[in-house]
Amino acid sequence: MADIIKLLPDHVANQIAAGEVVQRPASVVKELLENAIDAGAKTIKLIVKDGGKTLVQVVDDGDGMSETDARLSFERHATSKISSAQDLFNLQTKGFRGEALASIAAIAHVDMHTRTATNEVGTHIKIEGSKIVSQEVVAAPKGTSISVKNLFFNIPARRNFLKSDQVELRHITDEFHRVALVHPDIEFHFYNNGSDIFNLPSAKHRQRIAHIFGSKMDGRLVPVQEETEVVKISGFVCKPEFAKKSRGEQFFFANGRFIKSPYLHHAVVAAFEGLIKSDLYPGYFLYLQVDPSSIDINIHPTKTEVKFDDENTLYAILRSTIKHSLGQFNVAPVLDFEHDPNLDTPYSYKEKGATLPKITVDASFNPFQQTPERRSMGSGAYQKTSVKGWEGLYEGLEKSTDIEGFSSVVIESESEEQGTLYSDDGTGHLASTFQLRRKYVVSTVKSGMLVIHQNRAHERILFEKFLGEITVKEGLSQQLLFPMELTFNKQELAVLSEIKESLTNIGFAFESLEQETVKVTGVPLVVPESGIGTVLDRLIADYTEGFSDGSVSQAEVLAKVLSKNLAVRTGEVLDQESQLALLDNLFACKEPSLSPFQKLTYTIISEGDIDKKFS
Ligand code: ADP
Ligand code: MG
């Protein structure tokens with residue numbers, strides 16, 4: 001057989017390597033920003049168009065490159081940062097692989113202007129798909145400017161795989177944060193489609209954090225400081241009361257590099273134990289300095305996962321340092337999570353003296369009369385827009401005959417004169433419900449016992465309600481007597497304006513959406529006034545997470561997020577009317593059997609099953 005092994009041409013090898021280095025525009029941003037920092041820049045400008053798909057440009061005032069270096073920089077494994085394997089154990093720079101520029105140039109149109117301090121003229125190189133298109137001598141300021149245009153122009157499959165501009169911009173912003181947070185001394189400017197998103201002056205760490213995440217962040221930070229032989233720790237954790245439902249403001253940096261470490265994250269969470277609920281995440285900005293030889297940043301191509309030599313010690317030190325800081329700054333209130341608000345005396349009763357209970361008899365009470373029309377729940381936590389009768393159950397059932405365990409209900413009820421919801425006792429009463437362990441609503445149906453998961457069922461109900469309202473724009477709004485002013489940081493505002501239209505459709509009304517404050521003038525009926533801030537916070541956080549992962553529509557993501565955050569929870573007491581309303585509304589849904597998160601909403605335990613228990 002003839003020899004068949006060939007060396008791949010450089011541009012093909014580069015394209016393959018590019019797949020590892022460049023996943024999306026944000027990867028380009030990261031590489032270019034890091035190069036600018038390695039070049040000793042004092043001021044860095046990041047310019048982005050269309051989520052980085054059209055343009056990512058980084059302009060720095062660093063060392064610049066000579067004509068030869070400028071050309072060499074696009075070769076694979078061309079780096080000025082290490083010269084021997086030994087150097088890997090004493091890395092002081094962000095880059096060292098020498099593949100970023102080669103990779104980027106393989107899959108985009110790249111334009112570079114660069115000049116060193118000692119050269120009077122600079123170099124302009126144009127390179128497209130690894131081919132040098134032109135190289136000329138130009139007048140240029142000291143430093144380097146690299147524009148990366150039309151990313152993945154020659155790999156349509158990768159280009160099509162990119163998400164919407166907004167999502168890509170969010171990834172870019174994340175990378176930008178990671179770099180800007182660890183280099184507060186460098187001035188950063190970040191422009192998107194011509195408007196400036198961030199202007200960060202040279203500052204200290206704390207100010208930098210506040211410049212990025214909004215001035216309200218400043219008051220939430222607790223400093224953390226410790227120096228041992230193994231590690232030097234500095235930075236901040238957020239006070240426990242500002243812990244969030246979602247991950248987000250959690251940053252670890254090791255030797256000036258953003259890293260991800262589930263293990264060290266756990267150490268921080270452990271330090272917060274007893275101070276925040278277990279489903280909340282503490283915010284933190286922690287900078288670790290370790291001996292470069294004790295850390296291996298080489299195990300992952302995009303370099304966010306690291307391996308420390310002595311992780312266990314690091315864990316222990318980190319945990320106790322943070323505990324100490326939290327204690328020192330007196331931010332350890334005693335929280336009672338098991339406290340049951342239902343046992344509180346309502347405010348209006350607090351000042352009243354006790355009165356002797358009286359028994360009154362309602363003479364007009366007729367136990368055989370049908371229950372009066374149900375009212376919706378009062379607290380605002382759960383309200384129905386239309387009160388449907390028990391027929392709702394029947395309608396729902398009819399539509400879902402394909403669901404197992406359901407058909408029997410439908411068939412049986414069809415053969416009966418009375419509807420499914422009538423109880424079995426022959427009195428013609430509506431079936432009664434009761435709540436089990438503040439988690440389930442139990443009722444009877446013809447075929448046995450119906451057990452509804454209150455949280456999931458309500459999620460399903462709200463999901464369908466919101467989905468409908470977002471699309472047909474008919475959400476009912478409750479005007480606030482006093483508009484509420486809420487503060488958000490820039491990222492949060494960006495998300496808010498992205499989803500503003502949908503929110504308006506379901507009943508939110510915003511007066512102004514600018515700077516750091518948002519004036520809310522109306523909210524959907526289901527949102528209690530006291531919870532507006534929390535609901536919007538969670539909405540933004542959950543939406544950010546949900547929308548970047550799935551490819552579903554914005555309406556669906558929002559409806560999911562809203563239902564998740566507004567549904568009655570396990571542990572909440574439901575009064576009789578609310579229980580019945582839940583039952584009604586669930587079976588009026590198009591898809592009553594599953595929550596929006598594909599979990600079972602109810603089950604029916606058949607009479608046969610119960611009989612078996614007694615046999
Ligand atoms: P690495 O950063 O791993 O060395 P890159 O492909 O990112 O590899 O860059 C290759 C080389 O090009 C760098 O080692 C550096 O010498 C030079 N270089 C890249 N960007 C800049 C810049 N903004 N300013 C000065 N030199 C740069
Ligand atoms: Mg680099």
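Colleague: Which polar backbone atom is 2.9 Å from an oxygen atom of ligand 1?

Modeller: That backbone atom belongs to Leu101. Please keep in mind that this is a predicted model.

Colleague: Which side chains have polar atoms close to the ligand, and at what distances?

Modeller: Asn35 places a polar side-chain atom 2.8 Å from an oxygen atom of ligand 1. In the side chain of Thr144, an N or O atom is 3.3 Å from a nitrogen atom of the ligand.

Colleague: How much of ligand 1 does the protein bury?

Modeller: The protein buries 92% of the 530 Å² that ligand 1 exposes when taken alone.

Colleague: And how many residues surround it?

Modeller: Ligand 1 is surrounded by 18 residues. The closest are Asn35, Thr79, Ser80, Lys81 and Gly98.

Colleague: Let us turn to the aromatic residues. How many aromatic pairs are there?

Modeller: Searching the whole structure gives 15 aromatic pairs. One of them joins Phe253 and Tyr287, with 4.9 Å from centre to centre and 15 degrees between the planes, and this pair is stacked.

Colleague: Where do those two residues lie in the chain?

Modeller: Phe253 is in strand E11 (residues 250–254), and Tyr287 is in strand E13 (residues 284–289). They are 34 residues apart, and the pair links distant parts of the chain.

Colleague: Is Phe253 buried or exposed?

Modeller: Phe253 is buried, because its relative accessible area is 0%, under the 20% cut-off. Tyr287 is buried as well, at 7%.

Colleague: Going back to Phe253 and Tyr287, which residues are in the cluster with them?

Modeller: Ring pairs link Phe253 and Tyr287 with Phe213, Phe251, Phe258 and Phe285 in one cluster.

Colleague: Where does Phe213 come from?

Modeller: Phe213 is one of the buried residues of helix H7 (residues 205–213), together with Arg208, Ile209, Ala210 and Ile212. After H7 comes Gly214, which has a positive phi near 100 degrees.

Colleague: What lies between E11 and strand E12?

Modeller: Asn255 is in the loop between E11 and strand E12 (257–259). It is partly exposed, with a relative accessible area of 23%. Asn255 and Tyr287 are 32 residues apart in sequence, while their C-alpha atoms are 7.5 Å apart in space.

Colleague: Which strand pairs with E13?

Modeller: Strand E10 (residues 232–238) runs antiparallel to E13, and six bridges join the two. Among the paired residues, Gly235 has Leu286 in E13 as its bridge partner.

Colleague: What is on the E9 side of E10?

Modeller: Strand E9 (residues 221–227) and E10 form an antiparallel pair over seven bridges. Four residues make up the hairpin that joins E9 to E10.

Colleague: How many residues of E10 are buried?

Modeller: Five of the seven residues in E10 are buried, and the strand is mostly covered.

Colleague: How many of the residues in strand E21 are buried?

Modeller: Strand E21 (residues 517–524) is also mostly covered, with six of its eight residues buried. It pairs with strand E19 (residues 477–487) in the antiparallel sense, over seven bridges. Gln478 stands opposite Val523 in E21.

Colleague: What sits over the ring of Phe466?

Modeller: The charged end of Lys465 does, 5.5 Å from the ring centre.

Terms used: Residues numbered from 1 in each chain as written. Chains lettered and ligands numbered in written order. Predicted model: local features only at pLDDT ≥ 70, side-chain atom pairs only at ≥ 80, totals over all residues. Heavy atoms only, no water. Phe/Tyr/Trp six-rings, centres within 6.5 Å; stacked < 30°, edge-to-face > 60°. Buried < 20%, exposed > 50% of the residue type's maximum accessible area, 1.4 Å probe, protein only. Lys NZ or Arg CZ within 6 Å of the ring centre and 35° of its normal. Pairing = 2+ DSSP bridges. Near = heavy atom within 4 Å. Polar contact = N/O pair within 3.5 Å; in protein donor to acceptor, adjacent residues only side chain to side chain. Areas by Shrake-Rupley, 256 points an atom, 1.4 Å probe, with all protein chains shown as cover.
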